[in-house]
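Here are a few notes to go with your first look at this one. Have the structure open as you read, and take the points in order.

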Amino acid sequence: DRQGKIRNFSIIAHIDHGKSTLADRILELTETVSKRELQAQMLDSMDLERERGITIKLNAIELNYKADDGETYIFHLIDTPGHVDFSYEVSRSLAACEGALLVIDAAQGIEAQTLANTYLALDANLEIIPVINKIDLPSAQPDVVRQEIEDEIGLDASEAVLASAKAGIGIKEILEQIVAKVPAPTGDLEGSLKALIFDSAYDSYRGVILQVRLKEGTVKVGDRIRLMSNGKEFDVTEVGIFNPKTVSRDILMAGDVGYIAASIKTVADTRVGDTITGADNPATEPLEGYKKMNPMVFAGIYPVESNKYNELRDALEKLQLNDASLQFEPETSQALGFGFRCGFLGLLHMDVIQERLEREFNMDLIMTAPSVIYHVITTDGVTHEVANPSEFPDPSYIEDIEEPYVKAQIMVPNDYIGAVMELSQRKRGDFVTMDYLDSNRVNVIYHIPLNEIVFDFFDKLKSSTKGYASFDYEITDYQKSKLLKMDILLNGEKVDALSFIAHKEFAQARGRAIVEKLRKLIPRQMFEVPIQAAVGGKILARADIKALRKNVLAKCYGGDISRKRKLLEKQKAGKKRMKSIGNVEVPQEAFLSVLSMD
Ligand code: GDP
Ligand code: MG
């Protein structure tokens, strides 16, 4: 009975608690990957694992484990996809599992993402196996952490495994607990096919590679499958598992985690969370999909070279396959030309997308400062949702503006409570509560405008708490605020992509800070360039970029040839990420300059 031998599980943890290292140890111990092949952190190898020239994100690996009872078990280790611990990504993976290893650093204890991920696992009805990792550290306090697990999460931690992923301690015990505690999947092998798509990637040879968890029935090469959300049908060309390379198999059955390829060329046809069924004997009801996540932060993304617009759209479509939470639609900017307004789950997500576009798709991009969605109520009583500052109605038509507020949850050692409060207050936050987690740590809750979080809250929090604070937020409501749209003028011309929204009280100071910042960021030109910050028609601040003096240019001639070449190369590299606006060359950093202003 193959199904009875399957164990599907994930590893969840707060960042840096050792999830990837533990996954490596598990691959090693089950000899899935030979020592020679084992590169550190196999599961994080988006860059390294290139098959036939394209990258497939491998995150559902099949392992065979010979247990102490003499039986061989089939493990599917499902890594939480993506670089970062987004709850959305985590919950997708969890829906494909019956169990989860909850890894907690023995020196750090429970942190914000430990809790958030545990709640997701509990929501998905998973069997949770606590693992207290890094017991090799001198500062490890396994007993304290064990108590924390019981007190803060309410899990029985009496059998928590004491482990060191680094030193290879406790790994076998973890595998034995998986066998004993994680239930085998159930699901009718004879029933209609029902497979949940939990991730996908594009391969130029095989088309879309769907990563699936089969809940009912079986699927094999030649079967005709149907995507339940749109009725599209395809013939299966390949099924298989990851080990971590793709390995084709004859058949996948209920309980299995693997991939299906069916020469699907249109990326837009496949949607993460959709159910695949058999065309001949279709299921009547799809599986429960995923909660749709609403983006909270928006920014414009533009190719540096305008002829790369189609390439950028292609890249975004392919990324969306891999990351269903990414949203985008075309937009035009007077300053930047044709591009896309993209929606992200948060700032970290935005960074990851930008990095992936640049690294995996070789794009040179200009990104505008992120914005949240404002509710703008015009004098005719209509409420408009505006996510792009440049689309704000004329101030004379605006009756009221509402902005999103978040519940910000900050966990921090006692010593930094003062710093956290000072910062939160400065960011227009209202104190809600403070709880002691133990004698040394508190959980502080503030009600803060998302707009302030989008600016530089996280960086400031990290620096004012020496990196000790962990931070999580969720949108709670919209509230009326006295907000203004600030325009930036370069050489007398309004640059739409530099507009941003500020609170009335801070407008003057922000305006002054940003023109000063831009003055430093924008290189000197052959002529003087005034930079102005304005609200409506009123100029609040001004700074001037002085014209290049002739003798600065003269320095480039004569002299050391290699130095001159270096200078030219530097200029060329700098050029790549410059955008010419009117006749002023503006570097990428300028568009994000509103993000950090002091
Ligand atoms: P992840 O962010 O949860 O995937 O964490 P990683 O596996 O990348 O580990 C974060 C850091 O902790 C790395 O520097 C690891 O080498 C280190 N680490 C992981 N497990 C252990 C352990 O058992 N003991 C010690 N001392 N360090 C560990
Ligand atoms: Mg990792």
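Predicted model: local features only at pLDDT ≥ 70, side-chain atom pairs only at ≥ 80, totals over all residues.

1. The residues lining the largest cavity split into four nonpolar, six polar and three charged. That makes a lining of 13 residues, and those nearest the centre are Arg 341, Thr 368, Asn 388, Asp 496 and Ala 497.

2. Which strand gives the largest share of that lining? Look at strand E20, residues 327-333: three of the lining residues come from there. As for volume, the largest cavity holds about 110 Å³ of space, and the structure has four cavities of 30 Å³ or more.

3. Next, go to His 375, which you'll find in strand E23 (residues 374-378). Is His 375 buried or exposed? Its relative accessible area is 15%, and since buried means under 20%, His 375 counts as buried.

4. Who are the neighbours of His 375? Leaving aside residues up to four places away in sequence, His 375 touches Thr 383, His 384, Glu 385, Asp 400, Ile 401, Glu 402 and Tyr 478.

5. Now for the aromatic rings: the whole structure has eight aromatic pairs. One of them is Phe 242 with Tyr 259, a tilted pair at 5.3 Å centre to centre with 45° between the planes. This pair links distant parts of the chain, as Phe 242 sits in strand E14 (residues 238-242) and Tyr 259 in strand E17 (residues 257-261), 17 residues apart. Both Phe 242 and Tyr 259 are buried.

6. Last, pick out Tyr 309, Phe 328, Phe 338 and Phe 340, which together form one aromatic cluster.

Key: Residues numbered from 1 in each chain as written. Chains lettered and ligands numbered in written order. Heavy atoms only, no water. 1 Å grid on protein atoms, 1.4 Å probe; cavity = no way out; pocket = protein on both sides within 12 Å on 5 of 7 lines; lining within 4 Å. Points joined across faces, edges and corners; volume = space filled by probe spheres on them. Helix = DSSP H or I, 4+ residues; strand = E, 2+ residues; numbered from the N terminus. Nonpolar A, V, L, I, M, F, W, Y, C, P; charged D, E, K, R; others polar. Buried < 20%, exposed > 50% of the residue type's maximum accessible area, 1.4 Å probe, protein only. Contact = heavy atoms within 4.5 Å. Phe/Tyr/Trp six-rings, centres within 6.5 Å; stacked < 30°, edge-to-face > 60°.
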